[in-house]
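I looked up each item in turn and recorded what was found.

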Amino acid sequence: MTEAMQRQDWHTGQDGESYPPEPWYLGGTLLVSAYRVPVRELPQDVVSAVAETGATLVTVGGKAIASAAFVRYTSGGVLSYDELIGSVLVRRGAAVMATIPHIWVDSPQSRTGGRELWSIPKHLGAFRRTTSGDRVTASMTSDGAPVASLDAHVGRLRLPGTPRIPLTTAQHLDGRTVISRNNIYPTVRSLKTSWTFAPDGPLGYLDGRTPTVSVALGDASIVFGAHVTRS
């Protein structure tokens, strides 16, 4: 299923924007860095976003596991767009998953679909991205205000083949909790990153921190929303 799919198969959102039905088959590249953040230093909106799902933070030594990622979804999937994600690792019972308190896209279809299908609180942002050899630079502004930028160098192959990476999201929005079980099939490479976060912005709690690990998930096939539970 591609962007050329017939539009009569798409849903029309409450805002009048159309979007593809689930699951979404996407392709692209994810540049991801993970951080350990003291729980007491997490902003209240992050803590509240987790609590509303009925999940609890995964912590190591009193620190939460947070991540930031620039994603580019390329043509060949149901949509193509840029995305900036801020997430935290959580637990519901024995299951480990992610909650996304902050996320921006440059696609109205992705914004509306993400909200209505999976309760992901997507907002529109303005993106810039350049690629030269193994170097990628990316930045995003929201309503004209800087949020994050990245200067990254993609390195060597870290894992052979295209392993399956399960990614389950736990989200709550507009009175509804949605658990979506998703999968990523990427080429995994090393990544050197230099992130900048606006100190007074929504991802400011990551400003000045050193990532614990960074990876590039390239040439990825992503299946989002194949198995969904709503309550």
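**Salt bridges and a buried asparagine**

I began with arginine 111, which counts as partly exposed at 23% relative accessibility. I note here that the model is a predicted one.

I then looked up the partner of arginine 111. Aspartate 15 forms a salt bridge with arginine 111, and the closest N and O atoms are 3.1 Å apart. Aspartate 15 lies in the loop between strand E1 (11-12) and strand E2 (18-19), while arginine 111 belongs to helix H2 (residues 108-118), so the pair ties together parts that are 96 residues apart in sequence. For aspartate 15 I recorded a relative accessible area of 46%, which makes this residue partly exposed.

Next I asked how many salt bridges the structure holds.

The entry for arginine 209 shows a salt bridge with glutamate 41, at 2.5 Å from N to O. This pair links distant parts of the chain, 168 residues apart: arginine 209 is in the loop between E14 and strand E15 (213-230), and glutamate 41 is in the loop between strand E3 (24-38) and helix H1 (44-52). I checked accessibility for each partner. Arginine 209 is partly exposed at 25%, and glutamate 41 is partly exposed at 37%.

My next entry concerns lysine 122, whose side chain meets that of glutamate 83 in a salt bridge of 3.7 Å, N to O. Lysine 122 sits in strand E9 (residues 122-124) and glutamate 83 in strand E7 (residues 81-92), so this pair ties together parts 39 residues apart in sequence. Are these two residues buried or exposed? Lysine 122 is buried, with a relative accessible area of 4%. Glutamate 83 also counts as buried, at 2% relative accessibility. Both assignments follow because buried means under 20% relative accessible area.

Last, I turned to asparagine 183, which is found in strand E14 (residues 176-197). Its relative accessible area is 18%, so asparagine 183 is buried. I then asked which side chain joins that of asparagine 183 in a polar contact. The partner is arginine 164, and the contact is 2.6 Å.

Note on methods: Residues numbered from 1 in each chain as written. Predicted model: local features only at pLDDT ≥ 70, side-chain atom pairs only at ≥ 80, totals over all residues. Heavy atoms only, no water. Helix = DSSP H or I, 4+ residues; strand = E, 2+ residues; numbered from the N terminus. Buried < 20%, exposed > 50% of the residue type's maximum accessible area, 1.4 Å probe, protein only. Polar contact = N/O pair within 3.5 Å; in protein donor to acceptor, adjacent residues only side chain to side chain. Salt bridge = Lys/Arg side-chain N within 4 Å of Asp/Glu carboxyl O.
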